[in-house]
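Subject: Structure for your files

Hello,

Here is the structure you were waiting for. My notes follow below it.

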Amino acid sequence: MKNCFDCTPHTMKDWLLLAAGVAAVFAAADWLPGVLRGAGAFLGLLAPFGWGLLLAYVLDIPTRFFAQKLFGGRRGGAMAVSYALFFGALALLAALIVPQLVQSVTTFAGRLGAYEETIRGLLVWVQNTFGIDTATAEQLVQMVGTALQNWFGGLSRSAARAAADFVSGAAGAAGNAVVALAASIYLLSGKEALLRAARACLHAALPPRAAGSVLEICRLANKIFSGYIGGQLVDALLVGGETFALMSIFGLEYAPLLAVLVGVTNIVPVLGPFLGAVPGLIILLLELPWKAAEFAIIIFVVQQVDGNFIAPRILGGATGLPGLGVLLAIVVGGAWFGIPGMVLGVPTLAVLAALLKQAVGAGLTARGLDENGEPRRNLPGGPQEN
């Protein structure tokens, strides 16, 4: 049958259909922003369930571990232990880390003037020693210092308004948190039933071979993502704890602030340690250069211990990607989706690489070839060994 787009309108009916089609296209283009806004609002309503799904997926990792090691495969007690650890970690952050973070930020804000004078003195020394005009740099330092002082001053002036906004939005946030928590508990407790229902729907919608392929891909993706995310979270916790302990032993300031920063950024592979170390080096360099040197040595030691001993045992072969593949996943994922893309780009590329490897292996086997493109021995149609 001839394609309708290749037909030339001849009758009045053809022209009316063409006009109706054009009008429908323009109407769809006019309605598209509203449809997108409606879809965004609908997804916003589902956001608590999305957070609940994420929390359930993360907590399923320790739940499976505790169920196997402590409860003989039963998930009820393992779930209770996982949630107790989760809320315990939140309480520890609230009781210990948050007050020290506030104190560190307050101390840093109070020393902005001293930092500015230190930088100006360094610029004067550079100008007197090397004869370099540093007027532009001094203006830039003054602008940055003024902007930071105004920003920190604005924090105190807007504290009351922020508190009022927090109180007004606390009810909604608490409701969303309760919904997310309830959704995560339901998903974790009903995991097996939900998975059986999903498999039944998949087998009902697809042919057996296609359904088996989809399930195999899901199992592969779950294995890679759960191993990678769980390992990265444990590794980040250990790195942050080691950094805090060493900074406290050496008496460095801003230990809670910088340890949390180093631990959080360590979730991003390869680039994370550098992202977390640079702000700390700059802050401590403004205090005393030898403090920045001590911090750099601490970060170097922690990363060496983590990279050579801790991370290989925790992560193992979770992704199977070479260093170049990890870097590619970080760059592309960060360019497209920011920090979440940098974190999730590595396991996503690992899944794609595993599927590609399976497809290549199947294609070579079907053609009787090995990985070098040579005919396999002892296969029908291939050369036989003597």
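Is Phe87 buried, partly exposed or exposed? Phe87 is partly exposed, at a relative accessible area of 40% (buried means under 20%, exposed over 50%, partly exposed in between; 1.4 Å probe, protein chains only).

This is a predicted model, in which local features need pLDDT of at least 70 and side-chain atom pairs count only at pLDDT 80 or more, while totals for chains, interfaces and linings use all residues. Residues are numbered from 1 along each chain as its sequence is written, and side-chain values use heavy atoms, with hydrogens and water left out.

Aromatic pairs

Searching the whole structure gives two aromatic pairs (ring centres of Phe, Tyr or Trp, the last by its six-membered ring, within 6.5 Å; planes under 30 degrees apart are stacked, over 60 edge-to-face, the rest tilted). Phe65 and Phe66 are edge-to-face, with centres 5.5 Å apart and planes at 65°. Phe86 and Phe87 are also edge-to-face, at 5.3 Å centre to centre and 65° between the planes. Phe66 is buried at 14% relative accessibility, whereas Phe65 is partly exposed at 46%. Phe86 is partly exposed at 27%.

Helix contact

The axes of H2 (residues 47–69) and H8 (residues 208–249) come within 10 Å and cross at roughly 85° (helices are DSSP runs of H or I, at least four residues, numbered from the N terminus; axes are lines fitted to C-alpha atoms over the stretch in contact, with angles from 0 to 180 degrees between N-to-C directions). H2 and H8 are therefore roughly perpendicular (65 to 115 degrees). Contact, meaning heavy atoms within 4.5 Å, involves Tyr57, Val58, Ile61 and Arg64 of H2 and, among others on H8, Phe225 and Leu233.

Regards

Methods
Helices (H or I, at least four residues) and strands (E, at least two) are DSSP runs, numbered from the N terminus. Angles under 35 degrees count as roughly parallel, over 145 as roughly antiparallel, 65 to 115 as roughly perpendicular and the rest as oblique.
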